[in-house]
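Subject: Structure handover

Hello,

Here is the structure we discussed, for you to open alongside this message. My notes on what was found in it follow below.

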Amino acid sequence: MNTTGMTKEKILLIVTLPNTLTFKHKGIIDFDNILKLFRWDHEGNSVTIDARQCKMADYQSLILLIQYIWYLKRNHVYVNLRYTKNTQFYNMWKNIDGKGCFNVLDNTQDNFHYVYNKPIFAIKYKDHNITQMLNTIRDYAMDLPTDLIRGYEDAVRYIISELTYNALEHGFNPQIPSLLQFNWYRDKNQLSFILADLGIGIKNHLEQTYAPFTSNTDAIAMALEPEISGTFGVNVGPYKQQNNAGMGLYLSSNLGKTLEADMYIVSGDGIAHISPLDVTYTTLENAWPGTFIYMTIGFDRLKTYDLHKHLEDFRKHATETVAKRNNIVRAPELYIDMYNYCGERCEVKLEAINLRERKIIPAIKKGETVILDFSHAITATHSFLTALLADPIKILGLKSYKQIKIIGANETIRTIIDFVFDTYTN
């Protein structure tokens, strides 16, 4: 529960943690239960996180709490954490060095204290050998009696490597490190881990290359396809020589299936659950600004696992998928960012006419779908929108609802556009 109060000097936000801070409720994963606690739009300069009634927690939820605290800190918000000693929350917070999280944030050389079988790492961008950093993480991850995962070590290392590279390449935030945390459950022969970042999110990352998506779940679904979210030609420090073909999520999610794992990918308000049998997508009530991945892997000592064979099978399937994708004749699209043509105020009727005659009408006559992005437009007048859309709508009739897509429009602009569509389709 969140409450807001005011003093003469500052606006106070109080985030009250529940009695139990966990994703899991009777075996069901519920991320909204945690995400609803975080207020990313707080404009005050002080936040109190009241954990005095929180008696139990899981480490994965604490990882997200640390990133939220870091976000507030980077936005110059004073954070006060209140807790009761000798509770499970207090002991877990102490175990993962939560009290020292500000030192980890502010000092590039610091990291969290090592906790046997539940280690946590801040993944920072440094000008050093990336492979060396990954080896350190994986060595910690494998620091347990090998009889638990004997035969699976390579697969686990491979998944961790791919997802860590993803966090550094696609989810990197120069101000706030990503966090990776492991949990070993010896009695269940299970490994759980969470990898969380406050980067730009999957949707925004893909939209640097592709036309805008209608939802975060659509973007996640596309990112799970082979050779979609790659970094060809991207110059990002030590990655400038790397030829990443966008296979990280594809391979790690498919390896997870063969390991009979459960994998959750949360980005924005979208979530994908990759189980051994299928993939399901849901829209959350509350959003995470970046991306986090939560994965649980069970191990069976009686089984053997051939990583090389599985990777070869996945790469073969990926090659076939990409070939089919490239051979499919897709309905062509024309994407127009209105800001690029008309600025943030779409008011000049002559600009609308020029855009209509030079771009929109030729595209629809060729059967192309026209996507008009008003994301960065503050206003658009009725005369401007009529000049822009009336003739194309007359040409297409009711097909205009399908062939002309409007995205990113604020409520006022959207209302005027709907009126123009209704007027010229009747």
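Predicted model: local features only at pLDDT ≥ 70, side-chain atom pairs only at ≥ 80, totals over all residues.

Ser46 belongs to strand β6, which covers residues 46-51. β6 runs parallel to β8 (residues 78-83), and the two pair over six bridges. Six of the six residues in β6 are buried. In a regular strand the side chains alternate between the two faces of the sheet. In β6 both faces are covered: Ser46, Thr48 and Asp50 lie on one side, Val47, Ile49 and Ala51 on the other, and all are buried.

Next, the nonpolar cores. The largest has 51 residues, of which Leu17, Phe38, Leu64 and Trp70 touch the most other members. Helix α2 (residues 59-74) gives the most to this core, with ten residues. A second, separate core has 45 residues, among them Ala167, Leu168, Ile220 and Phe299.

Thr369 is in strand β16, residues 369-373. Thr369 counts as buried because its relative accessibility is 13%, and the cut-off for buried is under 20%. Apart from neighbours within four places in sequence, Thr369 is in contact with Pro332, Glu333 and Leu334, and also with Lys402, Gln403 and Lys405.

Regards

How values were computed:
Residues numbered from 1 in each chain as written. Heavy atoms only, no water. Helix = DSSP H or I, 4+ residues; strand = E, 2+ residues; numbered from the N terminus. Buried < 20%, exposed > 50% of the residue type's maximum accessible area, 1.4 Å probe, protein only. Contact = heavy atoms within 4.5 Å. Pairing = 2+ DSSP bridges. Core = buried A, V, L, I, M, F, W, Y, C linked by side-chain atoms within 4.5 Å.
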